[in-house]
Amino acid sequence: MLEKSIPLEVPSEVWEELYTRTGALVVNWALLETTINLIIAVIYHEVGGKEVDPKIPVPFKRKAKFLRLCFKRIEALEPYAEQGLSIVDEATSIATTRNMVVHSAIHAYDKTSGTFTFLKLDVADQDTIHRMNMATKTLLDIKDTGKSALDLAEAATNFIQSLKEAFLREKPSLREKPS
């Protein structure tokens, strides 16, 4: 699988486009994940999330699991569950591409299709074995994922506003400081 040598024969303008689109994906993911962190903060501190899990989740997989459990178990979140779960599901989908692009090495490039092959060595089977994961992505895939992250960040920002209005009326600790 690793028989091809690096450096790859990729035109310089393709590298530049890859850097630009990957950078946009990273920046837009940061906006999205920050908003998800705010959702978690409100739920954890103000709506009973602490009782669902006493530890604030840090890795994204734990964040998604925590939010799914909260939206399913906390009665006060029932009116927000459908939209909240939708945000979590879409963010999880975006995270898959983001993680492959950001945490993998480029193994191959097909000039005809414009497809990059990404390889990532992961630990599996309760941390006892290495597993090679591979994915193919085009520049358009990366661009679309970055745009999806930005669009979802906007939807998640609107969602957190709803949660803040519902649950932080008398508690300014998680509200923005006035300028």
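**Helix H1 against H4**

I began with the crossing of H1 and H4, and I noted it as left-handed. This is a predicted model, so I treat every value here as computed from that prediction. I then looked up the geometry of the pair. The axes of H1 and H4 cross at roughly 140 degrees and come within 11 Å. That angle makes H1 oblique to H4. The cut-off matters here, because an angle has to be over 145 degrees to count as roughly antiparallel.

**Helix H1 against H3**

Next I took H1 with H3. Their axes lie 11 Å apart, and the packing angle is about 45 degrees. H1 is therefore oblique to H3. I checked the hand of this crossing too: H1 and H3 cross left-handed.

**Helix H1 against H5**

Then I turned to H5, which covers residues 139-167. How far apart are the axes of H1 and H5, and at what angle do they pack? I read 8 Å between the axes and an angle of about 20 degrees. H1 is therefore roughly parallel to H5. The crossing of H1 and H5 is left-handed. I also sorted the residues of this contact by class. I got 22 nonpolar, 6 polar and 6 charged residues where H1 meets H5.

**Chain layout**

I stepped back to the whole chain. The protein chain has 5 helices and 3 strands. From the N terminus, I wrote the order down as α-α-α-α-β-β-β-α. I also noted the overall extent. Along the principal axes, the C-alpha atoms fill a box of roughly 60 × 45 × 25 Å.

**The sheet**

I traced the strands next. They make an open sheet of 3 strands in the order E1-E2-E3, and the pairing is antiparallel. Which strands are at the edges? I found E1 and E3 (129-138) there, each pairing on one side only. From one strand to the next, the twist averages 25 degrees.

**E1 with E2**

I followed E1, residues 105-110, into its pairing with E2. The two strands are antiparallel over 5 bridges. I then looked at the link. E1 and E2 form a hairpin with 4 residues between them. In that turn, Gly114 has a positive phi of about 70 degrees.

**E2 with E3**

How many bridges join E2 and E3? I recorded 10, in the antiparallel sense. Thr115 has Thr138 of E3 as its bridge partner, and Phe118 stands opposite Ala135 in E3. The hairpin of E2 and E3 has 4 residues between the strands. There I noted Asp125, which takes a positive phi near 50 degrees.

**The largest pocket**

Last, I looked at the largest pocket. Its volume is about 480 Å³. I listed 17 residues in the lining. Which of them are closest to the pocket centre? I wrote down Lys61, Ala95, Thr96, Asn99 and Lys120.

I then asked which elements supply the lining of the largest pocket. Helix H1 (12-46), helix H3 (60-73), helix H4 (81-103) and strand E2 (115-124) each give at least two residues. H4 holds the largest share, 7 residues. By class, I counted 6 nonpolar, 5 polar and 6 charged residues in the lining.

**Cross-check**

I set the pocket beside my helix notes. H1, H3 and H4 supply lining residues of the largest pocket. I had already logged H1 as oblique to H4 from the angle of roughly 140 degrees, and H1 as oblique to H3 from the angle of about 45 degrees. E2 also contributes to the lining, and I had placed E2 between E1 and E3 in the sheet order.

Conventions
Residues numbered from 1 in each chain as written. Predicted model: local features only at pLDDT ≥ 70, side-chain atom pairs only at ≥ 80, totals over all residues. Heavy atoms only, no water. 1 Å grid on protein atoms, 1.4 Å probe; cavity = no way out; pocket = protein on both sides within 12 Å on 5 of 7 lines; lining within 4 Å. Points joined across faces, edges and corners; volume = space filled by probe spheres on them. Nonpolar A, V, L, I, M, F, W, Y, C, P; charged D, E, K, R; others polar. Pairing = 2+ DSSP bridges. Axes fitted to C-alpha atoms, helices over the stretch in contact; angles between N-to-C directions. Parallel < 35°, antiparallel > 145°, perpendicular 65-115°, else oblique. Left-handed = near helix turned anticlockwise from the far one by under 90°.
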